[in-house]
Amino acid sequence: MSDMNYNHLRYFWAVAHDGNLTRTAAKLNLSQSALSVQIRKLEDRLGHALFERRGRQLHLTEAGRITLDYADTIFDAGKDLLGTLSQQGRPRQVLRVGALATLSRNFQIEFLRPLLGQADVELVLRSGTLVELLQGLETLSLDVVLTNRAPAHDAMSSFVTQPISDQTVSLIGTPKRLAGNASLAMLLSENPVIVPTEDSPVRAGFDRLCTRLDVSPTLAAEVDDMAMMRLLAREDIGLAVLPPIAVKNELSNGMLVEANHQLGLTESFHAVTIARKFPNPLLGTLLHNDH
């Protein structure tokens with residue numbers, strides 16, 4: 001097998017970062033046709049198209065995104081070599097993770113823990129709405145999306161949803177508020193409650209629980225953000241309906257405690273990927289890890 005022509009790779013790298021063939025050709029003092037020929041030679045060598053044209057715009061294919069990751073590593077290592085001969089650049093792998101903006105930060109850390117601190121791994125973390133994050137998967141700018149709200153699946157969908165954790169949901173509050181041996185029904189009747197918004201499966205389960213107990217709790221707040229629920233519980237405005245992982249640190253230092261009652265509710269967390277010829281190898285470490 002013949003060696004790769006790294007001049008072709010550099011031309012591709014320049015176009016991929018600039019996003020415009022004509023502008024890149026001018027910067028490189030080449031004609032547009034000559035630059036196109038060099039990129040086609042690289043595509044022929046790799047056996048995959050690296051760009052697709054949408055209107056006047058060039059967009060990376062999946063193979064193009066992977067090639068760009070490797071090109072970044074190669075040319076960054078070249079800069080390191082020129083900077084100092086006493087160090088050798090190690091190839092770095094990049095994992096791009098999107099997470100629902102309202103998701104527990106503690107859960108995200110636990111999911112990523114197998115890769116944290118690895119010198120040859122770079123984590124790119126993004127947050128947003130589920131629609132924004134799924135678009136990131138489709139454009140290959142994200143490798144995986146973490147969410148507690150699985151996307152709808154249909155015959156046209158290319159998303160792959162993998163359950164990664166079911167976290168028990170508890171009633172959580174300050175030690176003072178949960179002192180004594182009150183029943184669950186009494187706790188919910190006598191304390192304001194911080195609950196998820198109505199579009200949450202946990203909220204639906206909590207409402208059914210209240211119906212069974214024949215209680216109508218006073219709602220202190222309806223919140224779609226676990227971090228905000230955690231802060232409100234710390235401010236002692238009421239009891240929060242939360243998975244303990246969201247308040248892991250507060251439970252450890254005694255600022256918050258769990259009620260001694262089972263709610264019978266769970267919060268499901270999912271990793272969403274998209275069918276790809278070349279899945280990011282780092283995902284295997286995370287998706288097969290026991291969370």
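In this predicted model, strand β5 (residues 144-147) is paired with strand β11 in the antiparallel sense, through 3 bridges. Within this pairing, Val 145 lies opposite Val 272 of β11. Strand β11 also pairs with strand β6 (residues 159-173), again in the antiparallel sense, and here 10 bridges are found. In that pairing, the residue facing Pro 163 is His 270 of β11. Strand β11 itself spans residues 265-274, and because 8 of its 10 residues are buried, the strand is largely enclosed by the rest of the structure.

The confidence of the prediction was examined along the chain. The mean pLDDT of the protein chain is 87, with 92% of its residues at 70 or more. Residues 84-89 have a pLDDT below 50, and this stretch makes 1 contact in the model beyond near neighbours in sequence.

The buried residues of α1 are His 8, Leu 9, Phe 12, Trp 13, Ala 14, Val 15, Ala 16 and Asp 18. Both ends of this helix show local features. At its start, a side-chain oxygen of Asn 5 comes to within 2.9 Å of the backbone nitrogen of Asn 7. After the helix comes Gly 19, which has a positive phi, near 80°.

A further helix, α8 (residues 201-213), contains Arg 203. The relative accessibility of Arg 203 is 5%, under the 20% limit, and the residue therefore counts as buried. Its side chain reaches the backbone oxygen of Pro 196 at 2.9 Å. Leaving aside residues up to four places away in sequence, Arg 203 touches Val 195, Pro 196, Thr 197, Glu 198, Leu 219 and Glu 222.

The largest nonpolar core has 33 residues. Those with the most contacts inside this core are Leu 95, Leu 103, Phe 111, Leu 146, Ile 164, Ile 194 and Leu 242. When residues up to four places away in sequence are not counted, Ile 194 touches Ala 220, Ala 221 and Val 223, among others. The contacts of Ile 194 also include Met 229, Leu 232 and Ala 233, as well as Ile 237, Gly 238, Leu 239, Ala 240 and Val 241.

Technical notes
Residues numbered from 1 in each chain as written. Heavy atoms only, no water. Buried < 20%, exposed > 50% of the residue type's maximum accessible area, 1.4 Å probe, protein only. Helix = DSSP H or I, 4+ residues; strand = E, 2+ residues; numbered from the N terminus. Pairing = 2+ DSSP bridges. Polar contact = N/O pair within 3.5 Å; in protein donor to acceptor, adjacent residues only side chain to side chain. Contact = heavy atoms within 4.5 Å. pLDDT = per-residue confidence, 0-100. Core = buried A, V, L, I, M, F, W, Y, C linked by side-chain atoms within 4.5 Å.
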